[in-house]
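Student: Hi! Could you walk me through this model, one piece at a time?

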Amino acid sequence: MLSIGEFSKICEVSTKTLRYYDEIGLIHPDEINPENGYRYYSIRQLKKMLLINRLKSYHFSLDEIKAMLELEGDQSEEKLCSALTRKRKEMQDKLTAFEYTLNQISTDILNVRKGIPILSHLDRIEVELVETEPVNILYTRQMMSRDDLVRGYENYFGKLYEKIAVEKLTLLGKPMTIYHSSEYNPAGNDTEFAIPVGEFVKGTRDLPGGLCAKSVLQGAYSELTPVYARLMEWIENEGYKVIRSPYEVYITDPSQAEDSGDIVTEVYFPVKKK
């Protein structure tokens, strides 16, 4: 048996943390002296504590770790493998985002040294007026936070495509996202996922046509914010005003693009003259 201090030292976990883990049922002492309350851990618990530390280093929550430790047998291995695979993808996505940001910083440093303003690329974003046709869309509308969006694209578009296949609907265009919130809310924004179809069935509606300010982004989705800013600047300068929710049309399936620079997204702001 090891005292809580010895166990703490070996596993590099504070005694305060060990007491908290006991409170939440993550790992209990094997023995508590009834006379003085001293806590003791067995040698076999070292592996369990090291596993907890390992899973924490992968950024699993304590609730997630507790759930995984409570599984038994083959189910335990299967669930653990599934959780690790999911976490690896999350970390890979974050790594890709960091690499993109690092390259962006390097470009900004070079431009500043040359006397080029960091946001000079905004002036190179082209905007045009287009007349769009009304279209029938199959849609689903959700409150989505920024963190939910990536999974939302896959999940909700996947369900729409599944309905199209099951009901044998006629696909008429690329998937789109319509943003209905009047302001940004980190907790969640009114987001509509839609795909143009030929048939008028339950779950479809009309997306009105009309005059739109349009811009095209070829690059990562993280660059859409500057496109929105440029569109709003152009709309104001040209004497127009926005009359309906803006929307994005995804010309390129990101899973089919070899590089983020190959992704093409169209952005539309329905407008009219002031």
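**A chat about the model**

Tutor: Happy to. Let's start with Asn 189, which lies in strand β7; strands here are DSSP runs of E of at least two residues and helices are runs of H or I of at least four, numbered from the N terminus. This is a predicted model, where local features need pLDDT of at least 70, side-chain atom pairs count only at pLDDT 80 or more, and totals for chains, interfaces and linings use all residues. Residues are numbered from 1 along each chain as its sequence is written, and side-chain values use heavy atoms, with hydrogens and water left out.

Student: Good to know. Is Asn 189 buried or exposed?

Tutor: Asn 189 counts as buried, at 12% relative accessibility. Buried means under 20% relative accessible area, exposed means over 50%, and partly exposed is in between, with a 1.4 Å probe and protein chains only.

Student: And what is Asn 189 in contact with?

Tutor: Setting aside neighbours within four places in sequence, Asn 189 contacts Gln 142, Met 143, Met 144, Ser 145, Ser 181, Glu 183 and Tyr 184. Contact means heavy atoms within 4.5 Å.

Student: Which strands does β6 pair with?

Tutor: β6 pairs with β7 in the antiparallel sense, over four bridges. Three bridges also join β6 to strand β11 (residues 247–250), again antiparallel. Two strands pair if DSSP finds at least two bridges between them.

Student: What stands opposite Thr 177 on each side?

Tutor: In β7, Thr 177 stands opposite Phe 193. In β11, the bridge partner of Thr 177 is Glu 248.

Student: Which way do the β6 side chains point?

Tutor: From strand β6 (residues 176–179), Met 176 and Ile 178 point one way, while Thr 177 and Tyr 179 point the other way. All of them are buried. In a regular strand the side chains alternate between the two faces of the sheet.

Student: New topic: how many salt bridges are there?

Tutor: A search of the whole structure finds ten. A salt bridge here is a side-chain nitrogen of Lys or Arg within 4 Å of a carboxyl oxygen of Asp or Glu. One of them joins Arg 141 and Asp 190, at 2.7 Å, N to O. That pair links distant parts of the chain, with Arg 141 in strand β5 (residues 135–144) and Asp 190 in strand β7 (residues 189–196), 49 residues apart.

Student: How accessible are Arg 141 and Asp 190?

Tutor: Arg 141 is partly exposed, with a relative accessible area of 43%. Asp 190 counts as buried, at 19% relative accessibility.

Student: What about Asp 30 and Arg 44?

Tutor: Their side chains meet in a salt bridge too, at 3.2 Å, N to O. Asp 30 lies in the loop between α2 and β2 and Arg 44 in the loop between β3 and α3 (45–57), so the pair ties together parts that are 14 residues apart in sequence. Asp 30 counts as partly exposed at 37% relative accessibility, and Arg 44 as exposed at 63%.

Student: Where does Met 1 lie, and what does Met 1 touch?

Tutor: Met 1 lies in the segment before β1 and counts as exposed, at 52% relative accessibility. Not counting residues up to four places away in sequence, Met 1 touches Glu 6, Asp 30, Glu 31, Tyr 40, Tyr 41 and Ser 42.

Student: What is the strand order in the open sheet of three strands?

Tutor: The order is β1-β3-β2, with antiparallel pairing. β1 (2–3) and β2 (31–32) stand at the edges, each with a single partner strand, so one side of each is left without a neighbour in the sheet. β1 and strand β3 (residues 39–41) pair over two bridges, and the bridge partner of Ser 3 in β3 is Tyr 40.
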